[in-house]
Amino acid sequence: MTRRALAALLIALAAAATACASTGQGASGGKDGQATGRVTLRVGDQKAGSQALLKAAGLLDGTSYAITWSQFTSGPPLLEAVNAGAVDIGGVGNTPPVFAAASGSKIKVVAAYRQSAKASAILVPDGSAITSPAQLKGKKIAVAKGSSAHYHLLAVLKKEGLSFKDIQPQYLQPADALAAFSSGTVDAWAIWDPFTSQAEIQHKARLVVDGAGIVNGLNFQVAAPAALDDAGRRAAIGDFLTRLAKARNWAATHLDEWAKVWAQETGLPVEVANAAVANAVATPIVIDDAVVSSEQEIADAFTAEGLVPGAITFSQFVDDRFNDVVRKAQQ
């Protein structure tokens with residue numbers, strides 16, 4: 001498939017998955033992210049959802065712009081949609097921007113958050129003989145390519161003196177990975193919350209290793225340069241990021257309320273949402289040299305492993321103009 005055909009397909013898929021939210025008014029009769037007489041911000045989301053978080057915090061409504069939401073299974077397809085011009089901004093983990101940068105995608109990291117590294121996990125089925133990371137050698141391991149779990153798995157293997165050549169990676173999106181995991185088709189699963197909690201509660205999965213001391217726990221909002229170049233959408237992005245930062249600060253002390261709405265909005269069982277929220281809390285932080293350096297380490301690790309083409313300069317894909325939203329969120 002040509003790059004142009006792929007872009008067209010992603011735009012069509014994102015449009016099909018989009019539902020109007022926030023103000024209850026979506027784009028109509030406009031183009032390039034503009035509703036008739038009104039800006040529309042097209043936001044990509046995942047099951048760990050910005051939409052549910054903003055709703056729970058009471059910050060979803062009352063914007064001067066409309067928001068349309070598109071749901072994605074993981075970060076890499078979300079950033080493909082950003083690159084294709086189907087989405088203006090969306091939330092992803094620490095690794096999708098690295099893979100997007102490696103492919104030359106048109107993206108800019110515009111906001112950062114840090115969450116517990118325990119949100120990352122490598123799981124095995126109940127009754128598995130695997131009890132330590134070293135025993136992953138030679139095993140079939142499900143992982144979403146280019147996701148935060150991909151780096152977690154790489155870092156765990158490296159710590160044990162192993163590489164991807166020593167395992168049988170099964171590149172699967174979360175829903176397919178869960179099916180493979182529950183049926184015994186794979187030996188282990190590298191994944192993140194809320195899927196970790198879902199597997200542990202509903203399928204009796206057992207934790208082999210989490211991300212503590214291994215991954216940086218960073219998450220990002222990533223925008224399309226075209227959206228940043230448009231005055232209306234740029235202003236909407238600034239307001240959206242401020243609301244999201246405030247919602248994340250609110251969530252840290254309102255876990256029960258957040259879990260309830262998260263379950264309602266995503267269809268997650270309440271017990272899964274309750275188990276996942278503690279690890280899903282993400283504190284807004286500025287994009288500084290330490291953040292960029294940490295991400296550069298991830299990029300260099302994938303380059304050294306031969307899992308991405310060529311070297312990546314992560315700083316070239318960063319736009320820190322919205323760092324002040326961290327301060328505004330405290331007001």
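Tutor: Happy to! This is a predicted model. Let's start with helix 7 (residues 195-203) and helix 11 (residues 270-280), which pack with their axes 8 Å apart and at an angle of about 130 degrees.

Student: Which residues of helix 7 and helix 11 meet?

Tutor: Helix 7 brings Ser197, Gln198 and Ile201, and these meet Glu271, Val272, Ala275 and Ala276 of helix 11.

Student: Now the rings. How many aromatic pairs does a search of the whole structure find?

Tutor: The search finds seven aromatic pairs.

Student: What makes the pair of Phe181 and Trp189 tilted?

Tutor: First, the ring centres are 5.7 Å apart, and rings pair if their centres lie within 6.5 Å. Next, the planes are at 45 degrees, while stacked needs under 30 degrees and edge-to-face over 60. Phe181 and Trp189 are both buried. Elsewhere, Phe99, Tyr151 and Phe302 make up one aromatic cluster.

Student: How do you know that the charged end of Lys145 sits over the ring of Tyr171?

Tutor: The charged end of Lys145 is 5.4 Å from the centre of the Tyr171 ring, and the distance cut-off is within 6 Å. The label also asks for a position within 35 degrees of the ring normal. Arg248 is another case: it lies over the face of Tyr113, 4.3 Å from the ring centre.

Student: Why is Ala227 called buried?

Tutor: Its relative accessible area is 0%, and buried means under 20%, so Ala227 counts as buried. Ala227 belongs to helix 8 (residues 225-229). Leaving out residues up to four places away in sequence, Ala227 touches Asp88, Arg233, Arg234 and Ile237.

Student: How far apart are Ala227 and Arg42 in sequence and in space?

Tutor: They are 185 residues apart in sequence and 9.5 Å apart in space, C-alpha to C-alpha.

Student: And what of the protein chain overall: what share of the residues counts as buried?

Tutor: Of its 331 residues, 55% count as buried. The chain has 13 helices and 13 strands. Among contacts with a separation of 6 or more, 80% come from residues 24 or more positions apart.

How values were computed
Residues numbered from 1 in each chain as written. Predicted model: local features only at pLDDT ≥ 70, side-chain atom pairs only at ≥ 80, totals over all residues. Heavy atoms only, no water. Phe/Tyr/Trp six-rings, centres within 6.5 Å; stacked < 30°, edge-to-face > 60°. Buried < 20%, exposed > 50% of the residue type's maximum accessible area, 1.4 Å probe, protein only. Axes fitted to C-alpha atoms, helices over the stretch in contact; angles between N-to-C directions. Helix = DSSP H or I, 4+ residues; strand = E, 2+ residues; numbered from the N terminus. Contact = heavy atoms within 4.5 Å.
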